[in-house]
Amino acid sequence: MDRLLQRNRRSSSSASVVLLPLCLAFFLAILLEKSVGVVSARSTLESIQKYLAKINKPAVLTIESPDGEIIDCVDKWKQPAFDHPLLKDHKLELVPPEMPRGMRTKQEEVMKGDYNNIPSEAGQAWHKNGTRCPKGTVPILRITVEDVLRAGSLEEFMRKPRKAALAALNANVSVSPNIDDEGPVDLPHEYAVVNSKPGSVLYGASAGINLWNPHIGSEGEMSISQIWIAAGEYHSPSLNTIEAGWLVYPNSYGDFATHLFVYWTADGYGSTGCYNLRCPGFVQVDQNIIVGSILSPPSTISGQQYEAIINIYKDRATEDWVLGYGANNTKVGFWPASLFTTLRDSATEAQWGGEVTDRRLHNGHTLTEMGSGRFPEEGYGKASYFRQVKVLDSHYQPSLPENPIPRVDNANCYNIELNYSDDFLGSHFFYGGPGRNVNCP
């Protein structure tokens with residue numbers, strides 16, 4: 001019996017010798033994983049704070065908008081754009097840019113047609129209380145740590161996923177979720193758009209875009225209505241684009257409101273460009289309309305219609321690309337020509353239309369709406385529209401797009417109808433849809 005007990009003690013002792021190091025290794029692994037996570041989180045936060053310290057310039061005056069946005073009035077010469085190495089010596093033109101003839105919406109055009117609700121121009125609420133930025137400053141939307149963290153990463157906050165962005169311009173590019181490309185994660189995107197004839201020489205594109213506040217089905221999804229101009233080769237760093245319009249994107253803005261936005265890239269959605277003023281590039285000049293800020297009010301079904309008139313055009317005096325807004329084509333700001341390569345002189349293609357992302361979270365198509373959430377056949381007052389669709393042609397004359405090419409990924413989910421009428425709509429199209437429905441499961 002004593003021998004048996006001694007043998008058991010020796011066995012227990014041997015087991016303890018083996019198990020103790022394993023337990024220690026296990027707990028050390030847990031501690032190491034936690035410490036690495038803490039270090040990683042600290043490093044991420046430090047990189048975000050470093051970014052914010054550089055992009056949020058000292059404010060001469062700060063204004064809190066009725067809708068909760070914080071607007072900083074920044075010395076116009078100290079805005080983020082002039083941190084770009086190519087813009088160190090760039091001059092702000094005091095003379096208004098040349099207005100392309102025929103690009104301004106005429107009142108008599110607006111009043112034509114048998115419509116109960118002629119569209120009104122959407123605006124921004126941040127200066128409605130009467131507070132304005134002082135002379136010599138420009139209003140810029142402040143960026144917070146929460147804004148960046150909510151987007152998932154600094155890269156996702158600033159830029160579009162590359163493949164998804166290319167798919168907008170080229171139907172031959174396929175997009176699948178969670179690809180292994182560097183940068184922002186791609187999600188499936190769907191489009192209802194109209195392209196101009198590829199290979200043309202263009203100096204601008206414009207349209208009045210019906211303003212809505214579409215439903216967003218899942219966190220991380222977005223709904224966009226915009227104008228693109230582009231030059232260069234797809235799948236190549238030579239691709240340059242300028243984009244402007246409105247979007248609803250809760251992960252990027254922290255709300256479900258409709259925002260005015262701009263975007264640019266000079267290397268095929270690689271390492272250049274960003275949304276709004278989130279990196280050096282776009283130069284803000286207007287004191288009333290801010291890129292990135294909320295546009296309101298949105299249109300209502302069978303009720304009052306509102307629109308954002310967007311005009312992207314090349315200023316022949318400065319050679320810069322200008323963003324004009326509204327019936328009077330107010331110069332909101334510009335993209336200096338020096339930012340671009342293939343788009344420095346002219347564009348070769350333009351595009352107008354809607355785009356949504358779909359995370360496929362509910363074993364079916366997303367419920368995220370495009371436009372008003374209604375199909376094109378419902379027409380004015382219900383379906384969203386692009387009206388007075390024009391390009392600035394090779395002679396610097398406003399004209400209708402030559403042989404416009406519609407593109408729809410799934411007509412049962414979102415669709416498009418091109419048309420022309422001799423009234424305020426002019427060359428126009430209705431577009432959009434509800435997403436998931438009985439014919440789009």
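R360 and E190 form a salt bridge, with their closest N and O atoms 3.9 Å apart. A salt bridge here is a side-chain nitrogen of Lys or Arg within 4 Å of a carboxyl oxygen of Asp or Glu. The pair links distant parts of the chain, 170 residues apart. R360 lies in the loop between strand 14 (349-357) and strand 15 (384-392), while E190 lies in strand 5 (residues 189-195). Helices (H or I, at least four residues) and strands (E, at least two) are DSSP runs, numbered from the N terminus.

This is a predicted model, in which local features need pLDDT of at least 70, side-chain atom pairs count only at pLDDT 80 or more, and totals for chains, interfaces and linings use all residues. Residues are numbered from 1 along each chain as its sequence is written, and side-chain values use heavy atoms, with hydrogens and water left out.

## Salt bridges

How exposed are the two partners? R360 has 46% relative accessibility, so it counts as partly exposed. E190 has 8%, so it counts as buried. Buried means under 20% relative accessible area, exposed means over 50%, and partly exposed lies in between (1.4 Å probe, protein chains only).

A search of the whole structure finds 11 salt bridges. Three of them are set out here.

| Salt bridge | Closest N and O atoms |
|---|---|
| R360 with E190 | 3.9 Å |
| E378 with R374 | 2.9 Å |
| R407 with D409 | 3.1 Å |

E378 is partly exposed at 33% relative accessibility. D409 counts as partly exposed at 36%. Salt bridges that share partners also join E190, D358 and R360 into one network.

Two strands pair if DSSP finds at least two bridges between them. Strand 7 (residues 223-231) and strand 14 pair in the antiparallel sense over eight bridges. S225 has G354 of strand 14 as its bridge partner. Strands of a sheet pair through backbone hydrogen bonds, either parallel or antiparallel.

## Strand 13 and its partners

Is strand 13 (residues 330-335) largely enclosed or open? Five of its six residues are buried, so strand 13 is largely enclosed by the rest of the structure. Strand 12 (residues 321-325) runs antiparallel to strand 13, and five bridges join them. G324 has K331 in strand 13 as its bridge partner. Four residues lie between the strands of this hairpin, where G326 takes a positive phi near 85°. Strand 10 (residues 283-284) also pairs with strand 13 in the antiparallel sense, over two bridges. There, Q284 stands opposite G333.

## The nonpolar cores

A nonpolar core is a set of buried Ala, Val, Leu, Ile, Met, Phe, Trp, Tyr and Cys residues joined through side-chain atoms within 4.5 Å. The largest one has 77 residues. Which members touch the most others? They are I312, L323, W335 and W352. Strand 11 (residues 306-314) gives the largest share of this core, five residues. A second, separate core of 14 residues includes M222, L239, L247 and Y253.

Contact means heavy atoms within 4.5 Å. Not counting residues up to four places away in sequence, L323 touches residues including A244, V262, F282, I312 and W335.

## The end of helix 1

I55 is found in helix 1 (residues 2-55). I55 is buried, with a relative accessible area of 8%. Leaving aside neighbours within four places in sequence, I55 is in contact with P80, I143, L277, R278, C279 and P280. I55 and P280 are 225 residues apart in sequence, yet 8.2 Å apart in space, C-alpha to C-alpha.

## The whole chain

The protein chain has six helices and 19 strands. Buried residues make up 52% of its 441 residues. Among contacts between residues at least 6 apart in sequence, 74% join residues at least 24 apart.
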